[in-house]
Amino acid sequence: MQRLMRLQVLWGIRHSYNGVHPAPWYLCCRSLSRAGAPRWNDHDRPEEFNFASDVLDYWTQMEQEGKRGSNPALWWVNNQGDEVKWSFGEMTDLSQRAANVFTQTCGLQHGDHLALILPRVPEWWLVVIGCIRAGIIFIPGTTQMKAKDILYRLQMSKAKGIVTIDTFAAEVDSLVSECPALKTKLLVSDHSRQGWLDFRSLIKSASPDHTCIKSKTLDPMGTFFTSGTTGLPKMAKHSHGLALRSSLPSCRQLMQLKTSDVLWCLSDPGWIMASLGCLFEPWTAGSTLFIHHLPQFDPKVILQTLCKYPITQCLAAPAVYRMVLQQISTSLRFPALEHCVTGGEALLPEEQEEWRRRTGLLLYQVYGQSETGISCGTLRGMKIKPGSMGKSILPFDIQIIDDKGNILPLNTEGNIGIRIKPTKPIGLFMCYEDNPEKTAEVECGDFYNTGDRATMDEEGYIWFLGRNDDIINASGWLPLMLSLHSGSTLQVVKAFIVLTPEYLSHDRDQLTQELQQHVKSVTAPYKYPRKV
C-alpha cells in the first residue's frame with residue numbers, strides 16, 4: 001500500500017472504476033493519427049509512423065471528446081492489493097514527462113540506446129513509450145538475467161543509459177567500468193542510491209510538454225536480444241513498422257480486440273511478446289491492458305485473477321494454461337473470459353481439447369520470433385486444426401523452403417521462410433545489429449529463413465516440427481521448442497554429460513545438482529537443465 005500511496009502522490013492516479021462499458025469502435029485498419037485518420041491496407045507502407053503520437057495520443061483525443069468509455073488504458077495489480085489505473089490521457093502525460101527526462105535530464109539523443117530491466121511494473125510502459133516519443137531505441141531485458149548476461153547486453157548494444165530496480169543496481173554498478181558507453185543510470189525504487197537518478201521523482205518534476213519526433217516508419221525503434229545455448233545472443237533490430245503492423249487489417253483480425261476488451265498478456269517484459277501483447281496490440285484497439293505484477297508464475301494466483309477481474313482475452317504460453325488446468329478439478333467457467341491465445345512453445349492437440357472441455361473456451365495458437373513478432377496464427381473465429389500454428393498473417397508471406405530458398409511441395413518438411421524480396425514486409429526485423437554476417441546467413445534466396453522446421457498443408461496451415469540451431473525454449477521463455485515431455489511442462493532443457501575418468505566414481509545425483517546450480521549461478525535460471 002505504501003507503493004500505491006507514493007504513486008498517487010507522484011502522478012495523481014485515479015482509482016475510480018465503474019466496470020468495462022461498450023464504447024464506439026473505430027475502424028481497426030485506419031491510421032490512428034489525428035489528422036485525417038486514413039485507412040491502411042495490409043501492404044501499405046506509410047512514410048512516417050510513431051506509435052505514441054499516431055495511436056496513444058489518438059485514444060487520448062477520443063477520451064477527451066467523450067468517444068471512448070471510462071475503462072482505463074492500463075490496469076495494474078499485485079498480490080498486496082495495490083492497484084494502478086491510468087487512462088490514455090494519463091499515459092500521454094506521463095510518457096511525455098518520461099521523454100523529457102531522457103532527453104533533458106539524461107541528455108539522451110535521437111538514436112541512442114536505452115536498456116531497461118524491469119519486472120511487470122507500470123514504469124515499464126512509461127519508459128518504452130517515452131523512448132518511442134523521443135526516438136531513443138529501447139532494449140528490454142528479462143529479470144532472469146545474471147551479471148554476465150547484463151554485461152554482454154550493455155557492451156554489445158553500447159547502451160548510453162539503463163533503467164532498472166534495486167535488485168540489479170549493485171550488479172550494474174560492478175559492471176560500469178567495463179561499459180564505457182553507459183552514462184546514465186535510472187532507478188525505479190522507493191529508495192535512493194548513490195550514482196543513480198530517481199526515475200519517479202524525475203517524472204514528477206518533469207514538464208508534460210513534449211513534441212514527439214516525426215519518425216519514419218523504417219527508422220529504428222527497439223532492439224530485442226535473441227538467445228542461444230552454444231551461440232551468443234544476437235540483437236534483432238526493429239523499426240517502427242513493428243508497431244505499425246498491429247494497425248493493419250489482417251493483424252487486427254488475429255484477436256479482434258475492441259475498446260471494451262480487457263487483455264491480460266502474461267509475457268515477461270524482456271521478450272518481444274510483451275511489446276506486442278502488452279502494448280501495441282491492445283492499445284491499437286483502444287482496449288484495456290491488464291497487468292499483474294506476478295513476480296513468480298503462481299497458477300493459483302493466475303486462476304484467481306481470471307475469476308476475479310473482468311478479463312475478456314488472455315495471451316500466455318502453453319505452460320501457463322497447463323498450470324491453470326492442474327488447478328481445475330473438473331470444469332470451470334470464467335465470468336468474463338471469451339478468447340484465449342497461446343504461443344512460444346509446442347501445444348499438444350490433446351491439451352487444446354482438454355482446455356476446451358474444462359473451460360468451454362477454444363485455445364488459439366500463434367507463432368513468432370524475436371525477429372518477426374507474430375508471423376502466423378489461427379485467427380479468432382477461424383477453423384482450428386489441433387496441433388497447427390495456423391496460417392501466415394499478411395503482410396507476411398510464409399512458405400516452406402529448402403536450404404537454398406526453393407519453395408517445397410505441400411506436406412514436405414522444410415524451413416519456415418518469410419518472403420523478403422522484392423520487398424521486405426512491414427514488421428520484420430531490420431537486421432542483426434552490428435552483425436552483417438549473421439544477417440546474411442538468414443537470407444535464403446527470396447526468403448528470411450527462420451531456422452524453424454515445419455510443413456504446410458493444402459489449406460495453408462503450418463505444422464511446427466522443430467528447430468535447426470541453438471535457440472532454446474523452456475516453458476515458453478523463448479521462441480523455440482525442445483521435444484521432451486515432463487509432466488506439466490512440455491518442454492524442458494536436458495543436458496548430456498560425458499564424464500572424465502576422475503568423475504566416474506562420483507555420486508551422480510550430487511554431480512547433477514552441482515551442475516544445475518552452476519548453470520543457475522552463471523546465466524538466466526530458465527536455462528538450467530532440468531534433466532541430466
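Leaving aside neighbours within four places in sequence, Q352 is in contact (heavy atoms within 4.5 Å) with L347, L363, Q365, I384, P386 and G387. The structure is a predicted model, in which local features need pLDDT of at least 70 and side-chain atom pairs count only at pLDDT 80 or more, whereas totals for chains, interfaces and linings use all residues. Residues are numbered from 1 along each chain as its sequence is written, and side-chain values use heavy atoms, with hydrogens and water left out.

Q352 belongs to helix α13 (residues 349–359); helices (H or I, at least four residues) and strands (E, at least two) are DSSP runs, numbered from the N terminus. With a relative accessible area of 8%, Q352 is buried. The term buried denotes under 20% relative accessible area and exposed over 50%, with partly exposed in between (1.4 Å probe, protein chains only). A polar atom of the Q352 side chain lies 2.9 Å from the backbone oxygen of L363. Such a polar contact is a pair of N or O atoms within 3.5 Å; within protein, one must be able to donate a hydrogen and the other to accept it, and residues adjacent in sequence count only if both atoms are side-chain atoms. Q365, which is 13 residues from Q352 along the chain, has its C-alpha atom 9.5 Å from that of Q352.

For the protein as a whole, the secondary structure comprises 15 helices and 22 strands. Of its 532 residues, 60% count as buried. Among contacts between residues at least 6 apart in sequence, 69% join residues at least 24 apart.

Nine strands form an open sheet with mixed pairing, in the order β2-β1-β11-β10-β12-β13-β14-β15-β16. Two strands are taken to pair if DSSP finds at least two bridges between them. The edges are β2 (83–86) and β16 (391–392), each of which pairs on one side only. Within this sheet, β10 (residues 262–265) and β11 (residues 288–292) run parallel and are joined by three bridges; W264 has F290 of β11 as its bridge partner. In a regular strand, side chains alternate between the two faces of the sheet. In β10, V262 and W264 point one way, L263 and C265 point the other way, and all are buried.

In α11 (residues 299–308), the residues P299, V301, I302, L303, T305 and L306 are buried, and their cover includes β10, β11 and α12. The N-terminal end of α11 is capped by D298, a side-chain oxygen of which lies 3.0 Å from the backbone nitrogen of K300. Helix α12 (residues 318–327) lies across β12 (313–316), β13 (339–342) and β14 (363–369), and runs at about 115° to β12. Axes are lines fitted to C-alpha atoms, for helices over the stretch in contact, and angles run from 0 to 180 degrees between N-to-C directions.

Elsewhere, helices α2 (residues 51–64) and α4 (residues 123–134) pack at an angle of about 125°, with their axes 9 Å apart. The two helices are therefore oblique to each other, given that angles under 35 degrees count as roughly parallel, over 145 as roughly antiparallel, 65 to 115 as roughly perpendicular and the rest as oblique. The contact is formed by F51, A52, L56 and D57 of α2 together with I129, I132 and R133 of α4.

T450 is located in strand β21 (residues 447–456) and, at 3% relative accessibility, counts as buried. The T450 side chain reaches the backbone oxygen of I416 at 2.8 Å and the backbone nitrogen of D452 at 3.1 Å. Not counting residues up to four places away in sequence, T450 touches Y367, Q369, I416, I418 and R467.

The structure holds zero disulfides, a disulfide being a pair of cysteine sulfur atoms within 2.5 Å. C106 is in no disulfide, and the nearest cysteine sulfur, that of C131, is 10.0 Å away. C106 counts as buried, at 13% relative accessibility. C278 is likewise in no disulfide, with the nearest cysteine sulfur, that of C265, 3.6 Å away; at 2% relative accessibility, C278 counts as buried.
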